[in-house]
Amino acid sequence: MQINVAQQLKEYIGSIRNYEVSEVFDITGNGNKSLVQGKVKLMRTDRGILVTGGLQTEVEVTCSRCLSLFSCPLTLNIEEEYFPTTDVASGIPLPLPEEPGCFTIDEHHVLDLTEAIRQQALLVMPMKPLCRQDCAGLCPNCGHNLNQGACGCPPQGTDPRWAELSKLALASGVNEPKGTE
Ligand SMILES: [Zn+2]
Ligand SMILES: [Zn+2]
């Protein structure tokens, strides 16, 4: 996801170039490759290059309810200014702006979008991913994935037969484990 911006750095402020992005890379660092697609616009600013654009990708995540892996679509809105580290005309190193974590264009005038895309993906990734909005989750009793249908377990705490049984257990002096109420 690298763009050589040597030419554009020589252009006037406000000059624009458009690029199609279609690349596969490991966004989350977990070894799964994702296809990132979309368009970015690079604009020459007085300080460097402003990158804006909308990208689409999908990452593999674990459903927070049923623990199954699924593909989660992400929309990445990129808006980052990149600062040159070397003057394109003279080759002289440039001082960086005093902005912590700002993005830079390397000494070969290559602008690398990878880190900006990765950061944006982490930002928009859901904290509690759901494979679908109405994911039924796992049976707390047997661990069965309830999206695949009911398991054989009685509904918790509602079946009168179980209420009777636990009364019997209490009456016979069986200790209930603490902290399960
Ligand atoms: Zn799920
Ligand atoms: Zn069950």
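Cys142 is partly exposed, as its relative accessible area is 45% (buried means under 20%, exposed over 50%, and partly exposed in between, with a 1.4 Å probe and protein chains only). The model is predicted, with pLDDT of at least 70 needed for local features and 80 or more for side-chain atom pairs, while totals for chains, interfaces and linings use all residues. Residues are numbered from 1 along each chain as its sequence is written, chains are lettered from A and ligands numbered from 1 in the order in which they are written, and side-chain values use heavy atoms, without hydrogens and water.

Cys142 (SG) coordinates the zinc ion (ligand 2) together with Cys139 (SG), Cys151 (SG) and Cys153 (SG), at 2.3 Å. Donors are N, O and S atoms within 2.8 Å of the metal (3.2 Å for Na, K and Ca); water is not among the atoms, so sites may look incomplete. The donor spacing in sequence is C-x2-C-x8-C-x1-C. Cys139 is buried, at 8% relative accessible area.

Glu81 is buried, with a relative accessible area of 18%. The side chain of Glu81 forms a polar contact of 2.6 Å with that of Thr45 and one of 2.7 Å with that of Arg47. A polar contact is a pair of N or O atoms within 3.5 Å; within protein, one must be able to donate a hydrogen and the other to accept it, and residues adjacent in sequence count only if both atoms are side-chain atoms.
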